[in-house]
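Visitor: I would like to learn how to read the features of a chain in a structural model. Could we take them one by one, beginning with the fold as a whole?

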Amino acid sequence: MIYFDNSATTQPYPEVLSTYQEVATKIFGNPSSLHNLGSKATRVLEASRKQIAELLGKEAEEIYFTSGGTESDNWAIKGVAFEKAHYGKHIIVSDIEHPAVKESAKWLTSQGFEVSYAPVDEHGFVEVDKLADLIRDDTILLSVMAVNNEIGSIQPVKDISELLAERPTVTFHVDAVQAIGKIPVSDFLTDRVDLASFSGHKFHAVRGVGFLYKKAGKKLAPLLTGGGQERDLRSTTENLAGIAAMAKALRLTLDKAEGANQKISKMRDIIRQELLSYQDITVFSGQENFAPNILTFGIKGIRGEVLVHAFEEHEIYISTTSACSSKAGKPAGTLISMGVPTKVAQTAVRISLDDDNDMSQVEQFLTIFKLVYHKTQKVR
């Protein structure tokens, strides 16, 4: 089996699973309980929070645990909107955001908010000058992802941070779900970023746990009310084992990031170069200012889902461009925003690599690709 779908989810590290099992077995008390078991759970919870904060260069009180990227994005978008509605009701999101952001913003229009969409160029990068033209006096929130999940383009977070330097009333949210471990933290978590979303299963933690970074002093309305957990901003009993395992996964991921990314980018470049040697192949992912792990391409006239299943027959697992919307059969929204014709966008598939992959798998993939390519010749 060859697993080239790591942007959809990663396999948990063995050490992470060991931490999960140990905490779930030995420290099963509720952190909200007053007895000794509850106190032990609280110590693990806060130690995990502190470790994550230190790894990101932030303070522990700026980390809030969630169920994952989708909740973190929803909380950031809706929480800011409701908290700041009396200052204005205008929101800006980029045109290539993950559905967790884009659909949240769309839903807010039914609540009386107005949403503008920042355009991207033909390579999939937010156009900062055009974004600047969208900012108004009543703009309360701007949300831009750090790394695009469909083609891997690294968004100009630093340039946007400079743009917002003189606009302190605009809350700046970054969806960092695909960025952690792939680009330096300082590239997407600048001092101007107010909120950032993270999802554990994208960096070898277990599913169902994530966190939101909220800069100290920034206000955010809660989505979940009840028991008052997470400093009264996100009520629900904490997923302690998942949180401890996520802290371990983040440390392991960042410790090995530099070496891993050199290996991953080399594998990606070899695949990219080989694909470009074929006719009727479109490679949508560039090299400069692109994440090292994502490569998106298409074969002329062959729908992405057909290609996914063709590789699956050989136990090679890739995906259409977004795991969250792949079953809907929609063309890649990012490619459409880039001006790619719908029929071409429908051919797109995504390879997403990880340090667990190796050159023997790359060679096998390219061998199978050649077989699949020639099988599709009549259709092309």
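Visitor: Among contacts in the chain between residues at least 6 apart in sequence, what percentage join residues at least 24 apart?

Guide: A contact here means heavy atoms within 4.5 Å, and the answer for this chain is 72%. Before going further, note that this is a predicted model, in which local features need pLDDT of at least 70 and side-chain atom pairs count only at pLDDT 80 or more, while totals for chains, interfaces and linings use all residues. Residues are numbered from 1 along each chain as its sequence is written, and side-chain values use heavy atoms, with hydrogens and water left out.

Visitor: How many helices and strands does the chain have?

Guide: Helices (H or I, at least four residues) and strands (E, at least two) are DSSP runs, numbered from the N terminus; by that reading the chain has 13 helices and 12 strands. The radius of gyration, taken over C-alpha atoms, is compared with a globule rule of 2.2 Å times the number of residues to the power 0.38. For 380 residues the rule gives 21 Å, and the chain's own value is 21 Å, so the chain is as compact as a globular protein of that length. Along the principal axes, its C-alpha atoms fill a box of roughly 70 × 50 × 35 Å.

Visitor: What percentage of the residues count as buried?

Guide: Buried means under 20% relative accessible area, exposed over 50%, and partly exposed in between, with a 1.4 Å probe and protein chains only; on that scale 56% of the 380 residues are buried.

Visitor: Which residues of helix α4 are buried, and where do they fall around the axis?

Guide: In α4, which spans residues 99-109, the buried residues are A100, V101, S104, A105 and L108. The arc is that of the directions from the helix axis to the C-beta atoms, and the buried residues fall within 125 degrees, so they line one face of the helix. Their cover includes helix α3 (69-83) together with the strands β3 (90-94), β4 (114-118), β5 (139-145) and β6 (171-175).

Visitor: Is V80 buried or exposed, and what does it touch?

Guide: V80, in helix α3, is buried, with a relative accessible area of 1%. Leaving out residues up to four places away in sequence, V80 touches W75, I140, L141, T171, L195 and L220. The C-alpha atoms of V80 and P222 are 9.3 Å apart in space, although the two residues are 142 apart in sequence.

Visitor: Where does Q155 lie, and which residues are in contact with it?

Guide: Q155 sits in the loop between β5 and α6 (157-163) and is buried, at 3% relative accessible area. Beyond its neighbours within four places in sequence, Q155 contacts I96, G124, F125, V126, V144, M145, A146 and N148. Its C-alpha atom is 10.0 Å from that of S94, which is 61 residues away along the chain.

Visitor: What is the phi of E230, and what is that of R231?

Guide: As a general idea, most residues other than glycine have a negative phi. E230 has a positive phi near 50 degrees, and R231, also not a glycine, has a positive phi of about 55 degrees. E230 lies in helix α8 (residues 229-232), and R231 is likewise found in α8. In accessibility, E230 counts as buried at 4%, whereas R231 counts as partly exposed at 39%.
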